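Here is a short report on one protein chain. Please look over the sequence and the model before reading on.

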Amino acid sequence: METYYYETGASCPTNYDIETYRQVFYSENGEMMPIDGVGSLRSPWGDGGVTYIKNQESKKAVPKILKIGYYSETEDQFFEGQFELDKKL
């Protein structure tokens with residue numbers, strides 16, 4: 001199994017402000033890998049948003065699952081999703 005250092009981050013489209021309350025990766029063996037920066041996002045899409053370098057001490061496998069939950073201020077609605085991530089680099 002190959003391991004890597006990787007960055008995490010979140011952003012949202014311009015004029016689509018959100019509040020994240022859950023954003024976490026899970027490894028293939030079920031290890032939870034939190035994504036830092038939960039809270040208000042008001043950055044333009046693709047602008048990088050909040051970015052943190054993960055695993056600075058040691059390399060880890062590429063995450064297998066992303067779970068995210070956020071509140072859209074524009075739509076006044078909560079959204080949640082779980083996504084299996086493609087391992088191809």
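## Overall build

This is a predicted model. The chain has seven strands and zero helices. From the N terminus, the order of elements reads β-β-β-β-β-β-β.

Of the 89 residues in the chain, 29% are buried. Among contacts with a separation of 6 or more, 63% join residues 24 or more positions apart.

## The largest pocket

How much space lies in the largest pocket? The volume is about 410 Å³. The lining counts 21 residues. Those nearest the centre are Gly9, Ala10, Ser11, Leu66 and Ile68.

Which strands supply at least two residues of this lining? They are β1 (6-10), β2 and β6. β1 gives the largest share, with five residues. By class, the lining holds 14 nonpolar residues, six polar ones and one charged one.

## Aromatic rings

A ring pair is described by two values, the distance of the centres and the angle of the planes. The chain has three aromatic pairs. One of them joins Tyr70 and Phe79, with ring centres 5.3 Å apart and planes at 20°. This pair is stacked, because its angle falls under the cut-off of 30 degrees. Phe79 is partly exposed, at 27% relative accessibility.

Tyr71 and Phe78 also form a pair. Here the centres are 5.0 Å apart and the planes are at 50°.

## The loop between β2 and β3

Ser27 sits in the loop between β2 (18-26) and β3 (32-34). Is Ser27 buried or exposed? Its relative accessible area is 8%, so Ser27 is buried. Setting aside neighbours within four places in sequence, Ser27 contacts Met33 and Lys64.

Glu31 is in the loop between β2 and β3 as well. Glu31 is partly exposed, with 32% relative accessibility. Beyond residues up to four places away in sequence, Glu31 touches Phe25, Tyr26 and Lys60. Glu31 and Pro63 are 32 residues apart in sequence. Their C-alpha atoms lie 9.1 Å apart in space.

## The loop between β6 and β7

Asp76 belongs to the loop between β6 (65-72) and β7 (77-84). Most residues other than glycine have a negative phi. The phi of Asp76 is positive, near 50°. Asp76 is not a glycine.

How does Asp76 count by accessibility, and why? Its relative accessibility is 58%, and the cut-off for exposed is over 50%, so Asp76 counts as exposed.

Technical notes:
Residues are numbered from 1 along each chain as its sequence is written. This is a predicted model: local features need pLDDT of at least 70, side-chain atom pairs count only at pLDDT 80 or more; totals for chains, interfaces and linings use all residues. Side-chain values use heavy atoms; hydrogens and water are left out. Helices (H or I, at least four residues) and strands (E, at least two) are DSSP runs, numbered from the N terminus. Buried means under 20% relative accessible area, exposed over 50%, partly exposed in between (1.4 Å probe, protein chains only). Contact means heavy atoms within 4.5 Å. Rings of Phe, Tyr and Trp (its six-membered ring) pair if their centres lie within 6.5 Å; planes under 30 degrees apart count as stacked, over 60 as edge-to-face and the rest as tilted. On a 1 Å grid over the protein atoms alone, a cavity is a set of points where a 1.4 Å probe fits but cannot get out, and a pocket is an open set with protein on both sides within 12 Å along at least five of seven lines; lining residues have an atom within 4 Å of a point. Grid points are joined across faces, edges and corners, and a volume is the space filled by probe spheres set on the points. Ala, Val, Leu, Ile, Met, Phe, Trp, Tyr, Cys and Pro count as nonpolar, Asp, Glu, Lys and Arg as charged, and the others, Gly among them, as polar.
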